[in-house]
Amino acid sequence: MSKVMIHPATYEHLGETIDRVFELFPLDLTRKKVLVKPNVLRDTDAKEGVTTHPAVLRAVVEKVVSMKPASLIVGDNPGVMSYGANEKSFEKTGLMEASLGHYQNIGNDSLKISFNPDFVPMVSVSRAVLDADVIISLPKFKTHGLTVLTGAIKNSYGYLPGAQKAKLHKIAGSPKRFHEMVVDVFNLRVPDFFLMDAVVGMEGNGPASPDLRDIGLILASDNAVALDGVMATMMGCDPGLLRFLQKAKEMGLGDYDPDKNEIIGNLKLLNDFKLPPLGGEAILQNPSIQEVLEQRTLLRPVADPEKCTACGTCIDQCPVSALSMAHEIPEVDPEICITCFCCQEMCPEKAIQLK
Ligand code: SF4
Ligand code: SF4
């Protein structure tokens, strides 16, 4: 049985919360090589709630340093296409400063290792991930258009540097296969501990939605499947309907059912929580929509002319060149689009809706 802790928290007073978390989940970090991996989607302001908040990272870094590890690296591989966004993303989010000198661009050095040949025989993984004795994952409580939620399991997708993430989106080809591939990436190196920033979460059209939600919690666990199961339950989504959680359970990585885990704290439904367009429970239980998930979803990205600045980022980031600029606004070719939603993730204006 795994444990999930649900603890009230604010960004201003995190020290006591983090102490309590590490009391409940004692980690021996002495003389260990530690990697702390926040969720750094792209270069945004911390107040946009797109990334793990810098106050959470700082509090964890201070705690880890006090536990005398041999070394500490703070790193992630933001973005889906390029290698150049790493420092910029950490700087703009405030995560660079919060790393207290321990930031490293982990995208610069990687190793090729075997992967699930149903997708690709080999993937490159940041060497810092493979070298770490202990990985502490710091996911953010957010929705996601393709996986419904992006929590503890999905945070490990950032093990992959550079354009690989977009290529694998393309190779997966359908949302269902993408769910399954995310678990295979997670399983390359299962982190040792998870501490989720749910002080301010995100609802609606995540993972870069403007709809933020004050939740006021830190969630922590020794098991990602258990933690994501709690997160889904709080969102009002049956975790058993999510393919990535089904697959993780099938692989023996944990159980998403909160009744099968020890919950320390108050597990409450967040009233009227807005799930992403594919995530409503009624939709997930609808067999014809499930069929669509097997193939290609009917959703397509559409740019809002009121918000779009015609910057071209979405066109650059699309792994299959499905977008082109028409009349100063990007338009999608539905025959080419693989509904990976990378364009939505990367749009700096949050101008892309899924329709
Ligand atoms: S990234 Fe966003 S703002 Fe830039 S062109 Fe695409 S939709 Fe418009
Ligand atoms: S248009 Fe957007 S959703 Fe479609 S394939 Fe390109 S990046 Fe993915």
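How many helices and strands does the protein chain have? The protein chain has 14 helices and 15 strands, and the model shown here is predicted. The legends below take a look at the whole chain and then at some of its parts.

Figure 1. Along its principal axes, the C-alpha trace spans about 55 × 40 × 40 Å. Of the 355 residues, 50% count as buried. If we take the contacts between residues at least 6 apart in sequence, 75% of them join residues at least 24 apart.

**Figure 2. An open sheet of seven strands.** To find your way across the sheet, follow the order β3-β2-β6-β9-β10-β1-β11; the pairing is mixed. At the edges stand β3 (71-74) and β11 (262-264), and each has a single partner strand, so one side of each is left without a neighbour in the sheet. From one strand to the next, the twist averages 20 degrees.

**Figure 3. Strands β2 and β3, side by side in the parallel sense.** Here you can see strand β2, made of residues 33-38, pairing with β3 over four bridges. For a landmark, look for K33, which stands opposite S71 in β3.

**Figure 4. Helix α2 lying across strands of the sheet.** Which strands does helix α2 lie across? This helix, residues 54-66, lies across β2, β3, β6 (134-138) and β9 (193-202). Its direction is at about 170 degrees to β2.

**Figure 5. Helix α9 and the strands it lies across.** Helix α9 covers residues 224-235 and lies across β1 (3-8), β9, β10 (212-221) and β11. Relative to β10, helix α9 runs at about 155 degrees.

**Figure 6. V148, a residue of strand β8.** Strand β8 takes in residues 148-150. Is V148 buried or exposed? V148 has 30 C-beta neighbours inside 10 Å, and a residue is buried if 20 or more lie within that distance, so V148 counts as buried. As for L111, 37 residues from V148 along the chain, the C-alpha atoms of the two are separated by 30 Å.

How values were computed. Residues numbered from 1 in each chain as written. Chains lettered and ligands numbered in written order. Predicted model: local features only at pLDDT ≥ 70, side-chain atom pairs only at ≥ 80, totals over all residues. Pairing = 2+ DSSP bridges. Helix = DSSP H or I, 4+ residues; strand = E, 2+ residues; numbered from the N terminus. Axes fitted to C-alpha atoms, helices over the stretch in contact; angles between N-to-C directions. Contact = placed C-beta atoms within 7 Å. Buried ≥ 20, exposed ≤ 12 C-beta atoms within 10 Å, placed from the backbone.
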